Amino acid sequence: HWWMDWNRKTFWPMSLSADHEPTATCTLQATAIEESGVILGGRDGKLRRMNDLSEDDCGTDFTSYAVLGPVALNSDLDVGTVHSLDAVIAEDSGDVTWALQPSLTFEGTFSATATSTGTWVAGINATVHPDARGQAFVLKLTGETGRRWALEQITATIKEGRRRSI
């Protein structure tokens with residue numbers, strides 16, 4: 001399934017158990033904005049709605065992730081290196097596992113093997129030095145199962161390199 005966030009104009013992939021699959025949907029406009037939203041009628045006969053603050057789905061833990069990038073490491077046809085990463089994770093956040101995936105092409109970053117991984121915790125984290133090399137990279141962030149997580153800031157220090165060789 002896909003969820004469309006109409007306010008942000010974005011699509012999000014979703015996996016639902018068979019009995020939670022929606023057979024009907026409608027929009028609820030309540031007097032309190034936090035109570036408004038889309039109502040999903042499931043195959044099991046129950047009504048549910050999306051809630052950005054939920055840490056589980058009717059008692060079932062779920063996982064969440066975000067992919068940032070691709071981010072260029074240098075100008076066209078040149079390579080660079082991710083020298084360091086500094087991250088600040090929200091104070092009440094669950095742990096966030098990060099994976100840095102560099103590649104010699106922008107497209108290749110999405111299927112590249114992670115060269116560096118680690119875990120960031122709530123607050124200011126220690127600087128990491130992945131020394132990942134390529135033309136671009138993506139950073140995959142995966143939240144702790146069953147916990148909300150939020151990212152405040154990530155700063156990448158990049159060193160420009162030389163011409164990409166074939």
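**Exercise 1.** Work out where the salt bridge between Glu21 and Arg43 sits in the chain.

*Solution.* Start with the contact: the Glu21 and Arg43 side chains form a salt bridge, 3.0 Å from N to O. The term needs a side-chain nitrogen of Lys or Arg within 4 Å of a carboxyl oxygen of Asp or Glu. Glu21 is in the loop between strand 2 and strand 3 (22-28), and Arg43 in the loop between strand 4 (37-42) and strand 5 (47-49). They are 22 residues apart, so distant parts of the chain are linked (strands are DSSP E runs of at least two residues, numbered from the N terminus). Finally, check accessibility. Glu21 is partly exposed at 23%; Arg43 is exposed at 56%. Buried means under 20% relative accessible area, exposed over 50%, partly exposed in between (1.4 Å probe, protein chains only).

The model is predicted: local features need pLDDT of at least 70, side-chain atom pairs 80 or more, while totals for chains, interfaces and linings use all residues. Residues are numbered from 1 along each chain as its sequence is written, and side-chain values use heavy atoms, without hydrogens and water.

**Exercise 2.** Classify both partners of the Asp44 and Arg48 salt bridge as buried, partly exposed or exposed.

*Solution.* The N to O distance is 2.8 Å. Asp44 has 30% and is partly exposed. Arg48 has 14% and is buried.

**Exercise 3.** Describe the backbone at Lys9 and at the bond from Gly69 to Pro70.

*Solution.* Most residues other than glycine have a negative phi, and most peptide bonds are trans. Lys9 has a positive phi, near 55°. Lys9 lies in the loop between strand 1 (2-5) and strand 2 (10-13). The Gly69 to Pro70 bond is cis, omega near 10°. Pro70 belongs to strand 8 (residues 65-72).

Terms used: Helices (H or I, at least four residues) and strands (E, at least two) are DSSP runs, numbered from the N terminus.
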